[in-house]
Amino acid sequence: MLLSDPVEQLNGVGPKRKAALASLGIDFVRDLLFHMPMRYEDRRSATPVERLVADKTAIVRGTLEDVNRRKAHGRQNLWITTAEVRDATGSVGIVWFGGWANDMTAHEGRRIVLCGAPALKERVLEFASPAYKILPDDPGEALLPDAEWNRIVPIYPTTEGLPRKWLARIIYECATSPTLRVEETLPEPLLAKRNLLSLHDALCGIHNPASRQEILEGRKSLVYREFFALQKALWEARVRRAAPGAPSLVAGNRAQKLFLRSLGFDFTPSQKDALHEISEDLDRKTPMSRLLQGDVGSGKTVVALAAAAKALGAGYQVAILAPTTVLSSQLQAGCERYLAPLGFTCLEITGGMKPSDRKNLLARVGQSEALVLTGTHALLEESVVFGKLGLAIIDEQHRFGVTQRSLLRGKNERAHALMMSATPIPRTLCLALYGDVESSLIKEKPLGRKSVATRIVDVRRIDEVYRYMRKEISSGGRCYWICPLIGDEDEGVLSRAKDMARHLRGVDIAALHGGMPAGEKKNVMARFAAGEAQVVVSTTVVEVGVDVPEASVIVVESASNFGLSQLHQLRGRVGRGDRRGVCLLLDEVQKNGVGERLAILEKCDDGFAIAEADLQLRGAGELTGLRQHGEAGFRVANFAKDTHLLEWAKEDITWLRERNKR
């Protein structure tokens with residue numbers, strides 16, 4: 001049996017089971033063996049009945065007694081089977097629901113082993129539908145280990161049409177098969193240096209462990225392999241990009257200086273340092289690949305536009321990719337404000353353009369004219385062909401997957417690339433996902449930018465929130481209200497806007513949601529920016545890039561549904577002008593852990609500290625778009641707790657290269 005064998009070659013995998021496995025991403029034996037357990041149950045030793053504890057998983061061995069099967073009252077097809085299991089210390093009740101337990105009456109008086117967590121029912125412990133196995137009649141006959149019993153049993157995540165018991169059995173059979181052939185992926189020197197198990201032994205240690213230590217050693221070896229494979233790919237990408245062939249944009253220095261003089265304000269020290277690093281990269285003939293990080297409001301966009309001015313001044317084209325139409329429009333407005341007065345052409349491509357307008361735009365982009373083109377996913381379409389692309393800028397890059405970023409780079413593989421992120425990325429994740437790029441950091445916020453006051457408010461006080469909004473609006477402020485993405489996005493936004501209209505009579509309230517055409521979204525934000533609308537009710541489409549200086553209040557509904565970093569992003573939409581910004585986090589504060597978690601935002605205004613807390617609390621998840629990094633193949637690694645293994649992998653790439661040179 002090879003890891004590359006299709007799962008349909010295994011016994012018991014018919015078309016339906018094959019489809020169910022495929023829904024979990026399992027098509028080959030390799031996928032099956034890399035389907036990781038979510039937990040383990042130690043089914044090697046039994047607990048005496050007298051020592052059972054409510055809600056704690058335990059194994060019980062004894063004799064099956066008092067079996068009774070009856071039809072549930074008022075439920076024609078539901079059967080209930082009750083019984084007791086007795087050992088030398090006492091007895092405990094069991095109840096099974098459903099026809100599958102019909103045959104338990106035939107086993108009365110036989111020895112049985114069961115596993116589950118008993119619940120306290122009317123002051124008596126009772127197992128509900130536990131896993132069980134009928135034992136041999138001879139007490140002296142040993143119970144041999146199998147997929148479910150007398151070993152440390154892995155419990156796997158599954159899906160509809162894929163019984164957990166069946167999935168555990170087929171993985172067990174693969175992991176213990178004498179015909180299994182697993183090709184090692186790591187060089188022997190690394191196995192020895194880091195004291196790692198072979199790939200075969202690591203997989204066996206995960207799926208058929210002899211001890212808890214074997215699970216830990218197996219997992220360590222698999223996590224290291226994932227990180228090593230990624231770091232190797234990142235190093236190879238860096239080597240490929242190190243080859244010459246990119247345009248040197250040094251001829252655009254004069255245009256960049258004109259751009260900086262036209263701003264009317266000075267860059268902060270961090271902005272100056274970041275621009276200096278970017279400009280030095282753009283002068284070289286090797287393609288730049290740089291990540292520009294900075295907290296909310298730190299001024300990343302204007303630094304990126306300064307880089308764009310240099311590319312345009314050197315006679316090259318610039319592409320700016322944005323994750324949302326709202327942000328694309330905001331970036332286009334920035335280009336018109338800062339680059340157009342210098343004589344540069346600024347265009348935007350959208351999905352809803354008239355065919356004739358689109359044709360004319362593509363014709364211009366296909367020529368060698370120096371211009372900047374802003375857009376969302378429409379920018380990635382095959383029909384968009386640049387005549388002379390020199391710089392690609394990806395804003396809020398974590399909102400795009402690896403494939404999408406590669407598509408933009410593919411417009412000209414030798415073009416310089418600048419990625420921006422207002423969601424600070426913890427060092428661990430930066431090492432893992434951006435190990436092939438250089439990094440620049442803008443530390444300060446622009447002069448005069450105030451901290452946003454953040455308060456947690458119980459949802460039962462929503463009327464007080466409405467009254468506070470009315471008071472703020474009456475003094476010239478404007479408000480955002482953010483709805484969670486639960487159920488129908490359009491319905492949630494419109495329902496909240498309707499309710500708000502009843503409480504804030506006379507206030508112009510605009511609704512903004514993902515289902516609206518791009519033109520309508522632009523119109524809503526234009527009305528809000530002009531003060532014609534005083535409130536925008538929206539989803540997180542306004543999370544990044546939206547700049548309305550008069551906006552002073554943002555209310556986030558059901559705040560516990562958002563990550564801390566995302567909430568930090570959202571509150572960055574207010575307090576960008578002369579008015580003090582206020583962020584109100586609305587939720588059921590009495591819920592377990594809600595107030596404690598959200599309180600981090602009340603106390604902390606440091607985006608990087610918040611990102612680290614988010615990583616610990618929620619994992620990588622949305623923090624860096626890790627869900628879109630399926631190409632990286634992370635199935636075992638946990639970025640929050642496996643940092644040392646990531647460091648090992650990064651060190652070992654260099655160590656192995658130096659060793660092979662000798």
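Modeller: Let me begin with a definition: buried means under 20% relative accessible area, exposed over 50%, and partly exposed in between (1.4 Å probe, protein chains only). This is a predicted model, in which local features need pLDDT of at least 70 and side-chain atom pairs count only at pLDDT 80 or more, while totals for chains, interfaces and linings use all residues. Residues are numbered from 1 along each chain as its sequence is written, and side-chain values use heavy atoms, with hydrogens and water left out.

Biologist: Is Glu108 buried, partly exposed or exposed?

Modeller: Glu108 sits in the loop between strand S4 (90–97) and strand S5 (111–116), where strands (E, at least two residues) and helices (H or I, at least four) are DSSP runs numbered from the N terminus. Its relative accessible area is 42%, so Glu108 is partly exposed.

Biologist: Which residues is Glu108 in contact with, leaving aside its neighbours within four places in sequence?

Modeller: Contact means heavy atoms within 4.5 Å. Glu108 and Glu65 are 43 residues apart in sequence, but their C-alpha atoms are 5.6 Å apart in space. With the sequence neighbours set aside, the contacts of Glu108 are Leu64, Glu65, Asp66 and Val67.

Biologist: What is the phi of Arg123?

Modeller: Most residues other than glycine have a negative phi. Arg123, in the loop between strand S6 (119–121) and strand S7 (124–128), is exposed at a relative accessible area of 81%. Although Arg123 is not a glycine, its phi is positive, at about 65°.

Biologist: And what is the phi of Ser129?

Modeller: Ser129 belongs to the loop between S7 and strand S8 (131–134), and with 34% relative accessibility it counts as partly exposed. Ser129 is a residue other than glycine, yet its phi is positive, near 45°.

Biologist: Why do H8 and H9 count as roughly parallel?

Modeller: Axes are lines fitted to C-alpha atoms, for helices over the stretch in contact, and angles run from 0 to 180 degrees between N-to-C directions. Angles under 35 degrees count as roughly parallel, over 145 as roughly antiparallel, 65 to 115 as roughly perpendicular and the rest as oblique. Helix H8 (residues 269–283) packs against H9 with the axes 10 Å apart and at an angle of about 30°, and H8 and H9 are therefore roughly parallel.

Biologist: Which residues of H9 does H8 meet?

Modeller: On the H8 side, the contact is made by Gln271, Leu275, Ile278, Ser279, Leu282 and Asp283. The H9 residues that they meet are Val302, Val303, Ala306, Ala307 and Lys310.

Biologist: Are H10 and H16 parallel or oblique to each other?

Modeller: Helix H10 (residues 325–338) and helix H16 (residues 518–530) have axes 9 Å apart and pack at an angle of about 60°. Their contact brings Thr325, Val326 and Ser329 of H10 together with Ala518, Lys521, Lys522 and Met525 of H16. Given the angle of about 60°, H10 and H16 are therefore oblique.
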